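Morning, everyone. Let me put the model on the screen, and then we'll walk through it.

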Amino acid sequence: MPAAAVPPVEVAPPAPGYVRVPANTPVVFDILDPISSKTAKIDAMFTIRTTVPVVIDGKTVIPAGALGQGQIVHAAKARAMGKAGELILAARYVDCGDVHVTLRGFHLDRAGKDRADQAFVASMAFTPAGFFVVGGESTVMAGSHANARLMSAVDLRVEPTPNCVAEPAPAAPTISATDGAIPAPSTANVPTK
Amino acid sequence: MKKYIVAAALLAVTASPLAAQDTVELKTKSGVIGAPAAGKGLIVFYRPGSMMGMALGCTVHEGTAELARLGSGKYYTVTAEPGKHVYNTEGEAKDVLNLEVEPDETYFVKCKIGMGVMSGRANLSPSDKAAFAQKAKGLAIWTPKK
């Protein structure tokens, strides 16, 4: 006997004034706190700030400048006998108004190497869920670029809300959920010291 | 003291090296590393061939459960539920690696036998697809003894 047809699941449209941001929409941000394998504590949080607005259907739903948090998943100091320092980081969320936009798939951005006088890679690694640092006693500098993806779809207000207001910025690259690509991050927030 | 920054690539920039890397098939002596089961994570533990500690095994545990005993040039895959996992090796010194597994993602963990006082020390360290790909052709899967 053939199985009964499963009716398609109907998903309610977003409420008026809201836009649905799909799961896996990329979010590009800077890490604002320096993190070192020498001093990092597992589970400690660090601050992130979006650098590229997320735009859905031509409407900015997460502006550049929105703040959020990441978390240290793993940290180990370098040890004698050749054991290098290690860090694994995860992006947790970006706040947009009263909404925690939860994130997954953290990756640190190679653009951090722009600061050639400070940027060296003894060896490096990156994974879908975190960032692994291997080599010496390593530090992720404040201002390092990174990105992640939305963990699940979320409905966000189209109109600016407190803590989620677009920064007045010159024409910046934007992220569209429809094209799925992450533009090259801005280097405007790279510290110079 | 001079500080070092270690940086990695974006995952989704169309033309990035990592985007290209993601399409690379991971072929080992024993076959191809497949995708994780739906909703699960896949962890690839591997130990590159090396003269250092060649006679020693790198035994990977999660809690009290032994997952693999990797000889030189071996790898083993573990399917894991999403969430936090703590893996460790024991020997002259215990080494611990905390991992947070996300669904449908693959992780790479390298085991290396480092120098110890009396014998070698097994170290688990985070790795990545590119590093594994460089060694993959020389790696064979570890099979548990029955």
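I'll start with the ground rules, then take the cores, then chain B.

This is a predicted model: local features need pLDDT of at least 70, side-chain atom pairs count only at pLDDT 80 or more, and totals for chains, interfaces and linings use all residues. Residues are numbered from 1 along each chain as its sequence is written, while chains are lettered from A and ligands numbered from 1 in the order in which they are written.

Cores next. A nonpolar core is a set of buried Ala, Val, Leu, Ile, Met, Phe, Trp, Tyr and Cys residues joined through C-beta atoms within 7 Å. Buried means 20 or more other C-beta atoms within 10 Å of the residue's own, with C-beta atoms placed from the backbone. The largest core has 41 residues. Those touching the most other members are A:Val27, A:Ile62, A:Leu87, A:Val94, A:Val101 and A:Leu103. Strand E8 of chain A, residues 86-96, gives the most to this core: 8 residues.

Now chain B. How many helices and strands does chain B have? There are 2 helices and 11 strands. Helices (H or I, at least four residues) and strands (E, at least two) are DSSP runs, numbered from the N terminus. Of the 146 residues in chain B, 43% are buried.

Look at one open sheet there. Its 4 strands run in the order E5-E4-E7-E8, with antiparallel pairing. Pairing takes at least two DSSP bridges between two strands. The edges are E5 (65-70) and E8 (95-101) of chain B, each pairing on one side only. Strand E4 of chain B, residues 58-62, pairs with E5(B) over 5 bridges. There, B:His61 stands opposite B:Glu66.

Methods. Buried ≥ 20, exposed ≤ 12 C-beta atoms within 10 Å, placed from the backbone.
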